[in-house]
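Thanks for coming, everyone. Let me put the structure up, and then we will walk through the ligand site and the aromatic rings.

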Amino acid sequence: MVMAMRKTRIGVLTGGGDCAGLNPAMKWVVKTAMDERLEWERGTRYEVFGIRDGWKGLTDVDPTTWDTAGHIIPLNPDVVRTWDRYGGTFLGTSRFSPYAPENDCPGLIKDNIERLGLEAVVVIGGDGTLAIATRLAREGVNVIGIPKTIDKDLLETDYTLGYETALNVIVEEVDRLRTTAGSHKRIFVVETMGRTAGWLALEGGEACGAYIILIPECEFSIDRVNELVTEGRRSGTRYDIILVAEGAKSVGGTEVTRKEGADAFGRKALGGIGEVLAKQIEEGAGLETRSVVLSHLQRGGAPCAYDRRMGRYFGIAAVDLIVNKQFGNMVCFNHGRISFCSLEKIYDRLSLVDVATQYDAERYNGRRTIFNKGGKTKAGRF
Ligand code: F6P
């Protein structure tokens, strides 16, 4: 008599801002979960369902009809075979929060997960999306988090998907700007994303050799910026590249915003500091200055090799946690190893640049010492 293999359904969704690395992670969730060679060892056959548009898909789905409206799509290794080559998310995403007062539907999400028969949901997201996962986990929903955000502002992990690809965009675009900046003897202020975290500006600026890097964690003085720019010109530079994080602000000032109000997670729409700064430099230092906002270019394009690899490892690790029934955790990368931590540990907290050890607040740039006297490494991560 042939014994029927037990079946277990799991879901996967991407929430918040898209970035490169999401599709590779989903590919490896599907391939690992549906790996036929591992079925007997696991004692179950996994079926994977993609949830469209983040938490919104779990709200809009009608589980009684198996959702012909397409909020849920069955995935398999054939469907996801080429996904790791592409940026964005083939499942779509949204900034929908079931906990926002205007939606107030966590109960519906919980019920729909049950009605769809999903044993667990793999949630690929940044702080907002994973905060929702944490709150649902408190209510008994089985979730596993995978960290993604070009802002790299999640705690407990040295890597968040999308970050390296975004850094590559910064380097590529600045390389382009250098030729035109040099031809015209201009200063270029390049605005990066990152919200309240300065990682993208700082490490992007370090990678591309920016002359000045301004980050949200250290308020800047426009007089000091102009002094540095003037010094640079005196020493013979023809042009300068200044990187400014969208969340950077001048001493005693506030962040520049694109529009009023906040998103479903209560966050401001940051943007515009680059142009403000360019004007202040032109007036203050008397040097021709232009600004460029890299904006969503940083989130677009094909994932770099690192994001494909990390997406793969995070996807595999997420399924391992499901197999072991270690729910309520996020997979992480720490000290060169893939690990995991409780989602509770990252809830409502952010990883920001430590100015004392990771930034040079005099030169407005990356640090210039890595070892203290005696050979001790300065605290803080790269
Ligand atoms: O969190 C990722 C991020 O790209 C931030 O760096 C940026 O402030 C924000 O999302 C932009 O959001 P949206 O795509 O909704 O404009």
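The ligand takes up the space of the largest pocket. A pocket here is an open set of points on a 1 Å grid over the protein atoms alone, where a 1.4 Å probe fits, with protein on both sides within 12 Å along at least five of seven lines.

Two notes on method. This is a predicted model, where local features need pLDDT of at least 70, side-chain atom pairs count only at pLDDT 80 or more, and totals for chains, interfaces and linings use all residues. Residues are numbered from 1 along each chain as its sequence is written, and side-chain values use heavy atoms, leaving out hydrogens and water.

Which residues surround the ligand? They are Arg95, Ile150, Asp151, Met193, Gly194, Arg195, Glu246, Arg258, His296 and Arg299, each with a heavy atom within 4 Å of the ligand.

Now the ligand's oxygen atoms. One is 2.7 Å from a side-chain N or O atom of Arg299. For Arg95, that distance to a ligand oxygen is 2.9 Å. For His296, it is 2.9 Å. The ligand exposes 400 Å² when taken alone, and the protein buries 83% of that. Those areas come from the Shrake-Rupley method with a 1.4 Å probe.

On to the rings. The structure has 4 aromatic pairs, meaning ring centres of Phe, Tyr or Trp (its six-membered ring) within 6.5 Å. Tyr159 and Tyr163 are edge-to-face (planes over 60 degrees apart), because their planes sit at 70 degrees, with centres 6.4 Å apart. Elsewhere, ring pairs join Trp83, Tyr86 and Phe90 in a cluster.

How values were computed
A polar contact is a pair of N or O atoms within 3.5 Å; within protein, one must be able to donate a hydrogen and the other to accept it, and residues adjacent in sequence count only if both atoms are side-chain atoms. On a 1 Å grid over the protein atoms alone, a cavity is a set of points where a 1.4 Å probe fits but cannot get out, and a pocket is an open set with protein on both sides within 12 Å along at least five of seven lines; lining residues have an atom within 4 Å of a point. A molecule sits in a cavity or pocket if more than half of its atoms lie within 2 Å of its grid points. Rings of Phe, Tyr and Trp (its six-membered ring) pair if their centres lie within 6.5 Å; planes under 30 degrees apart count as stacked, over 60 as edge-to-face and the rest as tilted.
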